[in-house]
Amino acid sequence: MAYRTSSIASFAVTLVLLLGTICDAQLSSTFYEGTCPNALSTIRTVIRTAISKERRMAASLIRLHFHDCFVQGCDASILLDDSSSIESEKTALPNNNSIRGYGIIDQAKAEVEKVCPEVVSCADIVAVAARDASFAVGGPSWTVKLGRRDSSTASKSLANSDLPLFTDDLQTLISRFNNKGLSAREMVTLSGAHTIGQAQCFTFRGRIYNNGSDIDAGFASTRQRGCPSLSNPGNDKKLAALDLVTPSSFDNNYFKNLIQKKGLLQSDQVLFSGGSTDTIVSEYSKNPTTFKSDFAAAMIKMGDIEPLTGSAGMIRKICSSIN
């Protein structure tokens, strides 16, 4: 009888510990209410100020969150610099001289640290910054789930293998997103972030000079004026808006552009090229409200990709290095 009682007690303790672990692993929009109630407003002030100075930064901050979550999950690994133990993701092919906004996140982190030291993770700041950036340029807002912790590692190799490339075909894009638990529809939805932001000449030069049937001739000619065919460091970095019509406003013109064969990147135009995602592009081109609603939902789901929670990970004091 004593053995049975001991076994039951042991099982009860195990169950309590298991349930506690499950609860700890859940993200919550109210995570900082007791420990840092001014965290979100502090981050929002930094993001609004940054975007008021440079509207393009909105696209950069949304993209930063995306490139973080697709490598090791949403753990702020993308923010880590090279060190004796870390090979930074910043120098991976999809990120090198392309991802921006690191300094804005550092600034937000510094301001939050003044209010409540070592409480708010860099991973959560990146997620909140993306939401605030969207809203600042006319895009949707959403309730960000919080409680992520920061990784102590980065993976340049995973950044090179898992992040989408501007040369990807439709099936490759679908597969990349499926690997992260995101559907083809959510892939199209999240691609709609290209309604704002800019791309470097080297990423679309091949498309505008290939005389293909999947690009509007007038659009190609217009883009050629700002992106010379000759590749060199100066030309390669020349910028062009991803959406020629409303480049600084979050709307559904991106999808209208694709239907007119005016997608700047090849990985954009493949979303409307006679394939399985054409109907989704058409739907969003006609229904901006649906697009914005779906975008908010997709960003929330993306923010759930493999977060570190509970006792896992750490709260970095400085986002670019481990404690």
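Please keep in mind that the model is predicted. Elsewhere, a search of the whole structure turns up 13 aromatic pairs.

**The largest pocket**

- A total of 42 residues line the largest pocket, and those nearest its centre are Arg-63, His-67, Pro-94, Ser-98 and His-194.

**Helix H8**

- Helix H8 spans residues 184–191 and is mostly covered, with six of its eight residues buried.
- Those buried residues are Glu-186, Met-187, Val-188, Thr-189, Leu-190 and Ser-191.

**Helix H9**

- Helix H9, residues 201–208, is also mostly covered, and six of its eight residues are buried.
- You will find Cys-201, Thr-203, Phe-204, Arg-205, Arg-207 and Ile-208 as the buried residues of H9.
- The cover over these residues includes strands E1 (198–200) and E2 (239–241), along with helices H10 (217–224), H11 and H13 (266–269).

- Asp-236 sits in helix H11, which runs over residues 233–236.
- With a relative accessible area of 18%, Asp-236 counts as buried, because the cut-off for buried is under 20%.
- The side chain of Asp-236 makes a polar contact of 3.0 Å with the side chain of Arg-205, and Arg-205 is itself one of the buried residues of H9.
- Not counting residues up to four places away in sequence, Asp-236 touches Gln-200, Cys-201, Phe-202, Arg-205 and Ser-231.

**Asp-124 in helix H5**

- Asp-124 belongs to helix H5, residues 122–136.
- Its relative accessible area is 0%, so Asp-124 is buried.
- The side chains of Asp-124 and Arg-148 are joined by a polar contact of 2.7 Å.
- Beyond its neighbours within four places in sequence, Asp-124 is in contact with Tyr-32, Lys-145, Leu-146, Gly-147 and Arg-148.

**Aromatic rings**

- Among the 13 aromatic pairs found in the whole structure, Phe-66 and Phe-70 have ring centres 4.5 Å apart and planes at 40°, so the pair is tilted.
- Phe-66 counts as buried at 15% relative accessibility, and Phe-70 is buried with a relative accessible area of 0%.
- Tyr-284 and Phe-291 form another tilted pair, because their planes stand at 55°, with ring centres 5.5 Å apart.
- Both Tyr-284 and Phe-291 are buried.
- These two residues also belong to one aromatic cluster, together with Trp-142, Phe-250, Tyr-254, Phe-255 and Phe-295.

**A charge over a ring**

- Lys-90 lies over the face of Tyr-102, at 4.3 Å from the ring centre.

Technical notes
Residues are numbered from 1 along each chain as its sequence is written. This is a predicted model: local features need pLDDT of at least 70, side-chain atom pairs count only at pLDDT 80 or more; totals for chains, interfaces and linings use all residues. Side-chain values use heavy atoms; hydrogens and water are left out. Rings of Phe, Tyr and Trp (its six-membered ring) pair if their centres lie within 6.5 Å; planes under 30 degrees apart count as stacked, over 60 as edge-to-face and the rest as tilted. Buried means under 20% relative accessible area, exposed over 50%, partly exposed in between (1.4 Å probe, protein chains only). A charge sits over a ring if NZ of Lys or CZ of Arg is within 6 Å of the ring centre and within 35 degrees of the ring normal. Helices (H or I, at least four residues) and strands (E, at least two) are DSSP runs, numbered from the N terminus. A polar contact is a pair of N or O atoms within 3.5 Å; within protein, one must be able to donate a hydrogen and the other to accept it, and residues adjacent in sequence count only if both atoms are side-chain atoms. Contact means heavy atoms within 4.5 Å. On a 1 Å grid over the protein atoms alone, a cavity is a set of points where a 1.4 Å probe fits but cannot get out, and a pocket is an open set with protein on both sides within 12 Å along at least five of seven lines; lining residues have an atom within 4 Å of a point.
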